Amino acid sequence: MNAPNKSGWKPQMEVTEDGLHNGPMTTTGNRALMLEEPLIFEIGHSETTGVDLPEIDESAPTRLAGVERSEPIGLVGLTEPETVRHYTRLSRQNYGIDLGFFPLGSCTMKHNPRLNEKMARLPGFADIHPLAPQQSVQGALQVIHELGDWLCKLTGMPSVAMSPKAGAHGELCGILAIRAAHTARGDARRVVLVPESAHGTNPATAAFAGYEVEDIPATAEGRVDVAKLKERLGPDVAGVMITNPNTCGLFEKDFREIADAVHEAGGYVYCDGANFNAIVGRVRPGDLGVDAMHINLHKTFSTPHGGGGPGSGPVVFSEALAPYAPLPFVKKSDEGEYYLVEEESGDECGPTFGRMTAFHGQMGMFTRALTYMLSHGADGLKQVAEDAVLNANYVLRSLEDILYAPFADSGPCMHEALFGDKDFGGDLSTLDLAKALIDEGYHPMTVYFPLVVHGAMLVEPTETESKASLDQFITAFRSVTERALAGDETMKQAPYYAPRRRLDETAAARKPKLSWTDPE
Ligand SMILES: *Cc1c(COP(=O)(O)O)cnc(C)c1O
């Protein structure tokens, strides 16, 4: 039970005007077994700790040479059971893939098999140190090497850099390799072309690497406008960054033609591989003329993500860019021993652009991803792509009669279905529908991305959802869509049942309050 306390914290639940959506306010703010929980600063005390410490003998000599603390540091504590309850209650307010369907488009929020976790926790992988002698961690190095080998085979590319720690980090790795290749031949190109439907990390990466970013428009059917792209190619264009399948959920079927034109003009082709889930085992990006592509292990290969990490974004390279790949990388000697190439000097290393991270990358993610690959096998991975695409088309075709689907006529979608908020009644928008979906027990889909569709709603079901779970979701989605089309103004106040109601998300993102101040 949490009584209101010194900060004036009070239960968040309120009775709304229509009286329909909230029961009577409880004294505690708890709603049955859904418990309210204030911040630890609001319920803790500086005198309380979860451990017993010996009394300090003030007269005893210290070795701190006069730098003893003179004021309290203001940290609050709780008893051990209070601490356990505090964090358990907070964790129950968290929505995760183990709790329910998570239709975030572009993010590939799929089930993380428990077998992956079991393997990643084996002491030989979990308890080793990056500076351990290489002879003592042969198994771990073999995992990195074999995973890299799978990634090269699945993508049809000759080389891979394992160290980048997320998709965006992989993009930077790829663009730095492109820059190094141009620099090596004395070619100071300054422009990178990015389609307007791209994920924000693409233009951000190119700009971070010092390039000017230019937009390439999309066609009415949701794909890159090849004619416009070709028109813009020239001696100042270092390369293009194209997502395939793209963020409208469509396969860029002219990719090979685009790649040939870019190469002809002396540029390189970066492919954003975040959507590889849709084509793994079916399409090899190397066959499409890609020079560099990151793979989000935390999307396609079922390693956990959310809340900012951890991620892992290995980058595969073509023959042309492979020499510029970053250090370190794992090699296998003729005697069958695995070792890391760490030094720029020496004949094992090409003209590398340098290093992305201190060590070899995310060992825990590597182990999980390889476990996933081995447990599926090559045929199973192909089925992943087929089932993911089937599920997305099921969602698209089950909702297109009621919800605006801008590219429904462009053929089947890939792994995600894109909708827009056209025809919503009153001043209701995508945001209101997303909030109403929370009340129905669903994490909302990706909203307002990609930017090419008004009020975009990007739904990615992934292959791990059953037909029953999709049917339930579609029923909920239809019901909130019907309310939105009818202009149901009560949606403006949604969510009604979440632990917190409607938040000012823009202020939270732009002006986050990162520290607590005592209101007294
Ligand atoms: C997720 C994603 C990225 C960025 O990957 P992170 O691992 O989140 O850094 C880039 N592009 C697309 C299309 C994505 O979906």
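**View 1. Phe301 and Tyr372, two buried rings.** Phe301 and Tyr372 are both buried, where buried means under 20% relative accessible area, exposed means over 50%, and partly exposed lies in between (1.4 Å probe, protein chains only). This is a predicted model, in which local features need pLDDT of at least 70 and side-chain atom pairs count only at pLDDT 80 or more, while totals for chains, interfaces and linings use all residues. Residues are numbered from 1 along each chain as its sequence is written, and side-chain values use heavy atoms, with hydrogens and water left out.

**View 2. Aromatic pairs across the chain.** Let us look at the rings themselves. A pair of aromatic rings is described by the distance of the centres and the angle of the planes. Here, rings of Phe, Tyr and Trp (its six-membered ring) pair if their centres lie within 6.5 Å; planes under 30 degrees apart count as stacked, over 60 as edge-to-face and the rest as tilted. A search of the whole structure finds eight aromatic pairs. One of them is stacked: Phe41 and Trp516, at 5.4 Å centre to centre with 10 degrees between the planes. Phe41 belongs to helix α1 (residues 40-43) and Trp516 to the segment after α14 (505-510), so this pair ties together parts that are 475 residues apart in sequence. Helices (H or I, at least four residues) and strands (E, at least two) are DSSP runs, numbered from the N terminus. Phe41 is partly exposed, at 29% relative accessibility, and Trp516 is also partly exposed, with a relative accessible area of 26%. The rings of Phe301 and Tyr372 have centres 6.4 Å apart and planes at 70 degrees, so they form an edge-to-face pair. That pair links distant parts of the chain, with Phe301 in the loop between α10 (297-300) and β7 (315-317) and Tyr372 in helix α11, 71 residues apart. Elsewhere, ring pairs link Phe101, Phe419, Tyr442, Phe473 and Phe477 into a cluster.

**View 3. The largest nonpolar core.** A nonpolar core is a set of buried Ala, Val, Leu, Ile, Met, Phe, Trp, Tyr and Cys residues joined through side-chain atoms within 4.5 Å. The largest one has 56 residues, and Leu147, Leu151, Leu229 and Phe301 have the most contacts inside it. Elements that each supply at least two residues of this core include α5 (138-155), β4 (237-243) and α11 (363-399). Helix α11 gives the most, with ten residues. The core draws at least three residues from each of domain 1 (115-371) and domain 2 (384-509). Zooming in on Leu151 and leaving aside its neighbours within four places in sequence, you can find Val160, Met162, Ile295, Leu297, Phe301, Pro314, Val316 and Met373 in contact with Leu151; contact means heavy atoms within 4.5 Å.

View 4. The domain assignment gives domain 1 (115-371) and domain 2 (384-509), with bounds that come from an automatic or database domain assignment. Their C-alpha centres lie 31 Å apart. At the meeting place, 21 residues of domain 1 are in contact with 19 residues of domain 2.

View 5. Strand β8 (residues 329-332) and β9 run antiparallel and are joined by four bridges; two strands pair if DSSP finds at least two bridges between them. Lys332 has Tyr338 of β9 as its bridge partner. Five residues lie between the strands of this hairpin, and Gly336 takes a positive phi near 85 degrees.

**View 6. A three-stranded open sheet.** Three strands form an open sheet in the order β10-β12-β11, with antiparallel pairing. At the edges stand β10 (417-419) and β11 (446-447), each with a single partner strand, so one side of each has no neighbour in the sheet. Three bridges pair β10 with strand β12 (residues 457-459) in the antiparallel sense. Within this pairing, Met457 of β12 is the bridge partner of Phe419.

**View 7. The surroundings of Met491.** Met491 sits in the loop between α13 (467-485) and α14 and is buried, with a relative accessible area of 0%. Met491 and Asp432 are 59 residues apart in sequence, yet 5.7 Å apart in space, C-alpha to C-alpha. Not counting residues up to four places away in sequence, Met491 touches Leu428, Asp432, Leu433, Ala436, Val480, Arg483, Ala484 and Arg502.
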